[in-house]
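Here is a short briefing to read with the model open beside you.

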Amino acid sequence: MKNQKPQEATLLAMALGALPPLVACVLVLGGCASASYPLLPEAQANVARDNPPPPKDEDFPKLSTAKWEQGAFPSLEALRAMRTGMGKDQVRELLSWPHFTEGLGGVREWNYIFHFRTGKGPEYVTCQYMVRYNKDVLTSGMYWKNPECAALVNPPEAKPIPVVVAPAPAPAQKVTLGADGLFRFDGGAVSDLLPEGRAKVERLAVEIQRNAKQLQGIVVTGHTDRLGSESYNAALSLARANSVRELLAQNGIDRRLIRTQGMGERQPVAQCQGTAKTPALVSCLQPNRRVEIEVVDGRQ
């Protein structure tokens, strides 16, 4: 419908106005659902040059305003196939129609409600997904309201930590920091560090530089409790370890000497009874929510 001449558009509007509302609606939807333009090389080049800023949390619509409030359980393969430079027909083929009423013309944004199974019976988590289009109506960016939802689609791969080879065993010192005192609830980014948590890491950086004579390496390991899905906990523990590494580097530690890993819920230090997320269980599992910093010093 986009490529019609003005005279044709006027005649179409007059014809639709003369039809019963239901018939007119069916005709409009049928025309809009068909491919109306090819994916031209110039348009693809425009997408490659685009560098739009990501949306803020307040840019995502409220769930209560969705037209299809039930959302959907998406295909992970379909989400992994999403790329910039795709037309609306291609997005619709992968993800179906958006779950919010986006408008009638010149729509530059589609929003979805997606659910993901946790593997624990009928339990699932809900995420919001946004697809934005540029002036050529090609996808210019795909965003999750909660970045940790992206890990549910593409779980981070566990990377082995390089072994530091030394002529003689090097003494190691391990410091354990409780995650509850480091980060806000369910937060893992540097911006989620609490003031007291930031101060702890900064003091640790000063102590490492003062006491380590031949610093060979630092391993930062994030841990979570067993509440939540394994993929979510793996992503959260790694994000917290990376944030601690970033703050250590900002305070003078050579970033190249710092390695990170996320163990998720796999290495608990406290065993607690129960599965329901009660205050008592959350408190009992607190020791498992932690970040361990192991310092390897080459001095004998």
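The torsion about the S-S bond of Cys127 and Cys149 is about -85°, so this disulfide (a pair of cysteine sulfur atoms within 2.5 Å) is left-handed. Please keep in mind that this is a predicted model, in which local features need pLDDT of at least 70 and side-chain atom pairs count only at pLDDT 80 or more, while totals for chains, interfaces and linings use all residues. Residues are numbered from 1 along each chain as its sequence is written, and side-chain values use heavy atoms, with hydrogens and water left out.

**Disulfides**

- The structure holds 2 disulfides, and counting the bonded cysteines along the chain gives the pattern 1-2, 3-4.
- As a reminder, a disulfide is a covalent bond between the sulfur atoms of two cysteines.
- Cys127 and Cys149 are joined with an S to S distance of 2.1 Å.
- Cys127 lies in strand β2 and Cys149 in the loop between β3 and α6 (150-153), so the pair ties together parts that are 22 residues apart in sequence. Helices (H or I, at least four residues) and strands (E, at least two) are DSSP runs, numbered from the N terminus.
- Cys127 and Cys149 are both buried, where buried means under 20% relative accessible area, exposed over 50%, and partly exposed in between (1.4 Å probe, protein chains only).
- In the other pair, the sulfur atoms of Cys272 and Cys284 are 1.9 Å apart.
- This pair links distant parts of the chain, 12 residues apart: Cys272 sits in the loop between β6 (258-262) and α10 (279-284), and Cys284 in helix α10.
- With a torsion of about -90° about its S-S bond, the disulfide of Cys272 and Cys284 is left-handed.
- Cys272 counts as buried at 10% relative accessibility, whereas Cys284 is partly exposed at 33%.

- β1, β2 and β3 form an open sheet of 3 strands in the order β1-β2-β3, with antiparallel pairing; two strands pair if DSSP finds at least two bridges between them.
- β1 and β3 stand at the edges with a single partner strand each, so one side of each is left without a neighbour in the sheet.
- From one strand to the next, the twist averages 20°. Axes are lines fitted to C-alpha atoms, for helices over the stretch in contact, and angles run from 0 to 180 degrees between N-to-C directions.
- Between β1 (residues 109-117) and β2 (residues 124-133) there are 9 bridges, and Tyr112 has Tyr129 of β2 as its bridge partner.
- The hairpin of β1 and β2 has 6 residues between the strands, and Gly119 there takes a positive phi near 90°.
- β2 pairs with β3 (residues 139-144) over 5 bridges; Arg132 is partnered with Gly141, and Tyr129 stands opposite Trp144.
- The hairpin of β2 and β3 has 5 residues between its strands, with Val137 in the turn at a positive phi of about 60°.
- Helix α5 (residues 88-95) lies across β1, β2 and β3 and runs at about 20° to β1.

**A helix pair**

- Helices α8 (residues 195-211) and α9 (residues 230-250) pack at an angle of about 55°, with their axes 9 Å apart.
- The contact (heavy atoms within 4.5 Å) is made by Arg198, Val201, Glu202 and Ala205 of α8 and Val244, Leu247, Leu248 and Gln250 of α9.
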